Each structure stands twice: as structure tokens, then as C-alpha cells.
Amino acid sequence: RVLDGRARRDEILAGLAAELAAAGRPTVTFATVLVGDDEASVRYVGLKHRAAEQIGLAVRGVRLPADVSQAELEAQLSALSADPGVHGILLQLPLPEGGGLDEASASACIAPAKDVDGMTAVSLGRLVLGVPGHRPCTAT
């Protein structure tokens, strides 16, 4: 049996768009945080933005320079987590090498309910315990 990933993606996106339509098209905002200018990461985040917009989500992209401080990165993530108008957050990983940024510390600033990537310690703990929560999109 061959799985057609693109067809399955399209089915999932259509289902999500239908759910939003049935709910009256509420404003749901998806935020991404991209540090640096790694070409693959820029492309990946762009694809996520396009898919989100395709189903009717509002998108907020935060781009930070590769030399951003840990404190500024965490402040941005904490602000998005505290913002009631933001419903999901994706921190694009890996963070740039050589800048001394701590991915685990940065990820911990994302509220578990908004961790759409399922990569915070809380989300991964829920996965291991078999408790409902956001799941990573790839094998961990």
C-alpha cells in the first residue's frame, strides 16, 4: 500500500477549513518565530504560512536575526503565548548554531496549549504518558 502524502495533506486541510467554516469562520491566528535566515527554514515556514492561510487562518510571522539574544527570543515567545489573539505558535528549529541559543529554554516559553509543533517538554511528556495533547508532526 502506497500512502499519497500530498493527497492526505489536502484532505486534512480541507477538513480543517470545513471545521472553521462550520464554526462561523472565527479568527484563529497561527504565529511562527524564525531565527536567522537559513534557506530551508525560511522555505518551511513559508509553506506553513501558505497552508494556514489556505484554510482561513490569520498568520503572524516573527523574524529575528541570527544574533538575537536568548532574552529577546524568550520575550517574543512569551508575548505570543500571553496574547489571547494568538492560538498556535511554531518555533522553527533548529535555531542557528554558534549563537548560544538554548532551544529547550526557548521552547519552554511556549504555552502548552499553543504548542502546535508538539515539541515542548510538556507536549512530549504528554506524548510519552499517552495523555491527550499536541503531537510532533515527525518521529521524535
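This is a predicted model: local features need pLDDT of at least 70, side-chain atom pairs count only at pLDDT 80 or more; totals for chains, interfaces and linings use all residues.
Let's begin at Arg-60, which counts as partly exposed because its relative accessibility is 33%, a value that falls between the 20% and 50% cut-offs. The side chain of Arg-60 forms a salt bridge with Asp-83, with 3.0 Å between the closest N and O atoms. The pair ties together distant parts of the chain: Arg-60 sits in strand 2, while Asp-83 belongs to the loop between helix 3 (70-82) and strand 3 (88-91), 23 residues apart. Asp-83, at 22% relative accessibility, also counts as partly exposed.

How many salt bridges does a search of the whole structure find? The search finds four. Side chains of opposite charge can pair when their charged atoms come close. Another of these contacts joins the side chains of Arg-9 and Asp-10, at 3.0 Å from N to O. Arg-9 is partly exposed at 43% relative accessibility, and Asp-10 is partly exposed at 38%.

Glu-39 is exposed, with a relative accessible area of 59%; Arg-43, at 48% relative accessibility, counts as partly exposed.

Let's stay with helix 2 for a moment. This helix covers residues 39-54, 16 residues in total, and its first and last C-alpha atoms are 22 Å apart, close to the 22 Å expected at 1.5 Å a residue. Which residues of helix 2 are buried? They are Ser-41, Val-45, His-49 and Ala-52. Because these residues cover an arc of only 75° around the axis, they are on the same side of helix 2. What covers them includes strand 1 (29-35) and strand 2 (58-64).

Just after helix 2, Gly-56 adopts a positive phi of about 105°.

You will find Arg-25 in the loop between helix 1 (5-22) and strand 1. With a relative accessible area of 55%, Arg-25 is exposed, since exposed means over 50%.

Another backbone feature is worth a look. Where is Pro-94 placed? Pro-94 is in the loop between strand 3 and helix 4 (103-107). The peptide bond that joins Leu-93 and Pro-94 is cis, with omega about 0°.

An unreviewed UniProt entry places the feature "domain: Tetrahydrofolate dehydrogenase/cyclohydrolase catalytic" at residues 3-117. In the model, this span is 45% helix and 16% strand, and its end C-alpha atoms lie 22 Å apart.

Notes:
Residues are numbered from 1 along each chain as its sequence is written. Side-chain values use heavy atoms; hydrogens and water are left out. Helices (H or I, at least four residues) and strands (E, at least two) are DSSP runs, numbered from the N terminus. The expected span of a helix is 1.5 Å times one less than its number of residues. Buried means under 20% relative accessible area, exposed over 50%, partly exposed in between (1.4 Å probe, protein chains only). The arc is that of the directions from the helix axis to the C-beta atoms. Contact means heavy atoms within 4.5 Å. UniProt positions are given in the numbering used here, feature names are shortened, and annotations may be inferred rather than shown by experiment.
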